[in-house]
Amino acid sequence: MSFEDKQDFARQVADLNKYGQALNRCDSVDEVVSLTLEAMSLLFEFSYSTFVEVRDGDLRVVHSTNPNFVPGDAPSELARRATEASETVAEQGDLARVDPDSAVIGALAVPAQMGDEVTAVLVTRSRSVEAFGDEVVRPLEILASHAATAISNIRSRERLERAHRDLETRKEMIEMYDRLLRHDLGNDLQIIAGFADVVAGEVDGQPAEYAGKIQRAAESAADLIQRVGDLVSTLEAQDNPEPRDLAAVLGQTVREVEQNYESLTVEFDESAVEYQVFGGDLLDSVFTNVMSNAAVHNEGEVHVRVLPEATGPDEVTVRFADDGSGVPPALREQIFEMGVKGRESSGTGFGLGFVRALTESYGGSVGVTDSEYGGAEFRVTLERV
């Protein structure tokens, strides 16, 4: 008998939808586990039910009504097979038993997944049913889908909250250094520059040259302190991340960058992008800095291809692939540090550091590798709504 042919089909669908709505309101994985096991017990009347969470390839039992499992245990081989195959797996007879002395005659493992990522496995064992039909498998797969969506949403929120906490900690440290630099070192530099200017006006020859160098160094350091302070103020003023239309933000940024840099051409199909991502009001600055970087650090004309793609059920990566001179492997991590710039660079060294700070504040990440077109490929990964 199929799922749809059951007499109580409509009622079971309604019950599953109610559980689905309740699961999406859960604030923790533990709540998802509790509700899912409750549904398995009430809707299916299974003898033993086990909820297995999958995180970064690691499987662990979160909770089970089967006395052979306790929280934290490694799951059965059946759960691993369902995870690896990303499809429902069943066993019968002796193979279905964890304990050889149990009365279990049938077992079923249903992966809960978002896209290609398995986030959990629902395992049930029965002492009365040996072979599970479509009338059981189909609704259990629907329940697993609801659980996967709930877990994915919870993990996204957790990552975003961690990013916010990390950003706040970094901001506090930067603010402290900013205050010290502006009020203490900044004042000292003004004094040094002032006295150097006086000395330069009183002496001639080499002493005057030295005094001039002292003055210029002090003024340069003071200017650097001011730029750091401006950056901190900018980061502090931005709004918290919220859903943004990726196509609209990228499209507007591409048009502005192409207008500002004659040597830069950008290939981007705005109509083919339908993603929503979490970002603040400075998300466009992330993209502007990355694309303008290709124009500033390459001689002659450079072509950039902007390629957004889903890299998981809860994230989108925007690839900026150019045909320029590339970034040497030894510099690929350093260029995202604040104030670091290449020997030939005339910039401030804050552009890509600013990109990383902003992207991480949105719960994302940024990196660079080789482009298939011969230059550099910057990858900006953001939380997908």
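Is Arg 81 buried, partly exposed or exposed? Arg 81 is partly exposed, as its relative accessible area is 33%. The model is a predicted one. Across the whole structure, a search finds 17 salt bridges. Side chains of opposite charge can pair when their charged atoms come close.

**Glu 91 and Arg 81**
- A salt bridge joins the side chains of Glu 91 and Arg 81, with an N to O distance of 2.5 Å.
- This pair links distant parts of the chain, 10 residues apart: Glu 91 lies in strand E3 (residues 89-92) and Arg 81 in helix H3 (residues 77-85).
- Glu 91 counts as buried because its relative accessibility, 14%, falls under the 20% cut-off.

**Glu 53 and Arg 60**
- The side chains of Glu 53 and Arg 60 form a salt bridge at 3.1 Å, N to O.
- Glu 53 is buried, with 4% relative accessibility.
- Arg 60 is partly exposed, with 36% relative accessibility.

**Arg 379, Glu 377 and their network**
- Arg 379 and Glu 377 meet through their side chains in a salt bridge of 2.6 Å, N to O.
- The network that includes this pair consists of Glu 309, Arg 319, Glu 372, Glu 377 and Arg 379, joined by salt bridges that share partners.
- Glu 377 is buried, at 2% relative accessibility.
- Arg 379 has a relative accessible area of 40% and is therefore partly exposed.

Definitions and conventions:
Residues are numbered from 1 along each chain as its sequence is written. This is a predicted model: local features need pLDDT of at least 70, side-chain atom pairs count only at pLDDT 80 or more; totals for chains, interfaces and linings use all residues. Side-chain values use heavy atoms; hydrogens and water are left out. A salt bridge is a side-chain nitrogen of Lys or Arg within 4 Å of a carboxyl oxygen of Asp or Glu. Buried means under 20% relative accessible area, exposed over 50%, partly exposed in between (1.4 Å probe, protein chains only). Helices (H or I, at least four residues) and strands (E, at least two) are DSSP runs, numbered from the N terminus.
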